[in-house]
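Have a look at the sequence and the 3D structure below. Then we'll walk through a few spots together.

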Amino acid sequence: MAVTADHAIPNRSPLIAFLSRWLLTTNHKEIGTLYLCLSFTLFFIAGAMAMVIRLELFQPGIQFAEPLFYNQMVTMHGLLMVFGVVMPGFVGLANWLIPMMIGAPDMALPRLNNFSFWILPFAFTLLISSLFMEGGAPNFGWTFYAPLSTTYGPPSTDFFIIGVHLMGISSVLGAINIIVTIFNLRVEGMTLMKMPLFVWTWLITAFLLVMVMPVLAGAVTMMLTDRHFDTSFFSAVGGGDPVLFQHVFWFFGHPEVYILILPGFGIASQIIPTFARKRLFGYHSMVYATISIAVLSFVVWGHHMFTTGMPLAAELFVMYATMMIAVPTGVKVFNWVATMWRGSMTFETPMLFAIGFVILFTIGGFSGLMLALVPVDFQYHDTFFVVAHFHYVLYPGAIFGIMSAVYYWLPKWTGNMYDERLGKLHFWTAIIAVNMTFFPMHFLGLAGMPRRIVDYSLQFADFNMVTSIGAGMLGLTQLLFLYIVVKCIRGGEKATSRVWDSAEGLEWTIPSPAPLHTFSTPPQFPIPEKVYQHD
Amino acid sequence: MTERRNNQRKHIVLLSALAVGMVGFSFAMVPLYAIFCEVVGLNGKKYEQEISAEPAVLQVSEREVTIQFLAQVGRGMPWEFRPTEPKLKVRLGEIHLTSYYARNRADQTVTGQAVPSVSPAYAANFLHKLECFCFTQQQLAAGEDQQMALRFYIDVELPEDISMLTLSYSLFPVPDAEVASPTLASN
């Protein structure tokens, strides 16, 4: 990268130059890279915790992890995957791609962008350091229900609270930055309804973030004052109510799950048309479907709480509202399938992951529908069925989305093609391992195996063993992914500027690798066909 | 260019206000939730904590329901605490007298406050207490014990689908309660 030399101030040691480049950078591409590196690192840390969990559950009985430690692993795995892997992963993609897709030279608030990122390493250091503290790390599950987290939480809960505060600040600032960028820096001629879908889905996600991360901040603040300043928000002794915690948490938590998937919808909507060599079917309906999902997500939090003794009328309302979300989601799935219908499809790695995303996310959506039904939820609640459901929407959903995005845009970022043969191997091993890991969990849950418990009864042994073997495979395939990415960064066949035959969008009009500064002069929009430089 | 900058500033201000407003909303959920629960009779609390008035004319119905009594002691409460009768079969509208037994096992005077909860939650408003130890704080000297009275009746309007109610008391220590003078305590 010759461009970096412009930034280094002469007569400095290489170390200082390196540090100041990455610590002080305000460039959207470099900050995007930082986010993606953080996400990737935490992916392996949180993944290692999942390995501990699956090792312990390989056989009934207690072999490797004491119950308290097991609970810490479950909690930290969840927190890190949600807040440390999927969210920063998507923000990294947003940083890299949104300015390039809308023809902007950079994000609207570049210094704020640097600040948003550099809060995160501190937040996660606080969170992870709690593992080494007296009393151990938080052990109450990623949902940190009161009174487990207030009255009974370990002392390190306070580190967790401050960590969550920092993540929240980072996310809100990042989201504000993204909204301001999209509203103000679009190239002339790109109306809202001409924006690429990845930009659209991120715009909506950013609004969700601005609206719900502050609620999470409120919830942890109430926890903090309950723990140390004698308030009783969540404690019945002083007239509070522990169920209130669940309401506040899930008011944040349900839109949060759409924060974790909407950008993935955007990614699939970019990739599938390229490899089907057709325009995206139903662009407008995609936009409206995304907006409806986001709006509905604010009124359905009660479906996480059916068993708390809600009034029947509330249960019915939440049940129907939840099932209504299946309609816009179904529209999206239909549009993706219709885009592929009679297309000239080829199956490069990004396309494979995108198709895997569509199929497996739909399975996760169906189990979500089952959970939305009040009468049966009483049986499924807090069983492995729930674990199966949200892993199906998060792993082959959000994570496959990020992976397919990485394969798709990696040649643009690095200037080199990744190893297609290894990429395909990664996909096929991952898709077998994902299903082997998470599919048997459905059966376990239906048979009554509770979640978050270190041990289980004997009749669950076989399925748990299959799941654990699958999880081990899944862990190994991610090492292959790491190898493919590193190999691609270090070299490989040179990528053209358009990279893919029929990729559409402003990011494909600039050379590969994308120079540090792009679109200093605004590009033409709509893109004239001759602008794509075939070489 | 300046127009864009103004626009940008406007967006930043609006979005920041939205974020701050949502923090406010999260705290506003506390009173909103309390009001909501009161309106729909959620979470097993009876909101008029005052003593129910002695009914002028007792309406007694033939319908019988079972009422269970539960007792729990909160963290740091050194008392033994249990209902004297675990359950009663009562006719709707009939006034009943039962009691809870409490003994202070600590070697010092302790003040306690019982917090009631009724299950199913929507039955809470049909359970009328005429006399209850939960209306006031209780104080027991070291080793002292007492029977604490509970006089109640269940409204004849109790929804048809309820055949059993559970009344649960959690007893919590009151840390900064003034220890009453011995003369008062002996009263």
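Which domains does the domain assignment of chain B give? There are two entries: domain 1 (1-40) and domain 2 (64-186).

## Before we start

This is a predicted model, where local features need pLDDT of at least 70 and side-chain atom pairs count only at pLDDT 80 or more, while totals for chains, interfaces and linings use all residues. Residues are numbered from 1 along each chain as its sequence is written, and chains are lettered from A and ligands numbered from 1 in the order in which they are written.

## The domains of chain B

Back to those domains, whose bounds come from an automatic or database domain assignment. Take the centres of domain 1 and domain 2 of chain B over C-alpha atoms, and you get 43 Å between them.

Now find helix α4 of chain A, which runs over residues 67-102. Helices here are DSSP runs of H or I with at least four residues, strands are runs of E with at least two, and both are numbered from the N terminus. α4(A) has 36 residues and spans 50 Å from its first C-alpha to its last, close to the expected 52 Å. That expected span is 1.5 Å times one less than the number of residues.

Where does α4(A) bend? The spot is M81(A), with an angle of about 35 degrees; the bend is the angle between axes fitted to the seven residues ending there and the seven starting there. Most of α4(A) is tucked away, with 33 of its 36 residues buried (20 or more other C-beta atoms within 10 Å of a residue's own; 12 or fewer makes it exposed, anything in between partly exposed, and C-beta atoms are placed from the backbone). Just after the helix comes G103(A), with a positive phi of about 75 degrees.

## Two cis peptide bonds

In chain A, A146(A) and P147(A) are joined by a cis peptide bond with omega of about 5 degrees. You'll find P147(A) in the loop between α5 (110-129) and α6 (157-184).

Chain B has a cis bond too, between S119(B) and P120(B), with omega of about -5 degrees. P120(B) sits in the loop between β5 (110-119) and β6 (127-132).

## Positive phi without glycine

R342(A) isn't a glycine, yet its phi is positive, about 55 degrees. Look for R342(A) in the loop between α11 (312-340) and α12 (349-372). Is R342(A) buried or exposed? It counts as exposed, because 9 other C-beta atoms lie within 10 Å.

F519(A), also not a glycine, has a positive phi near 55 degrees. F519(A) belongs to the segment after α16 (461-490) of chain A, and it has 19 C-beta neighbours inside 10 Å, so it counts as partly exposed.
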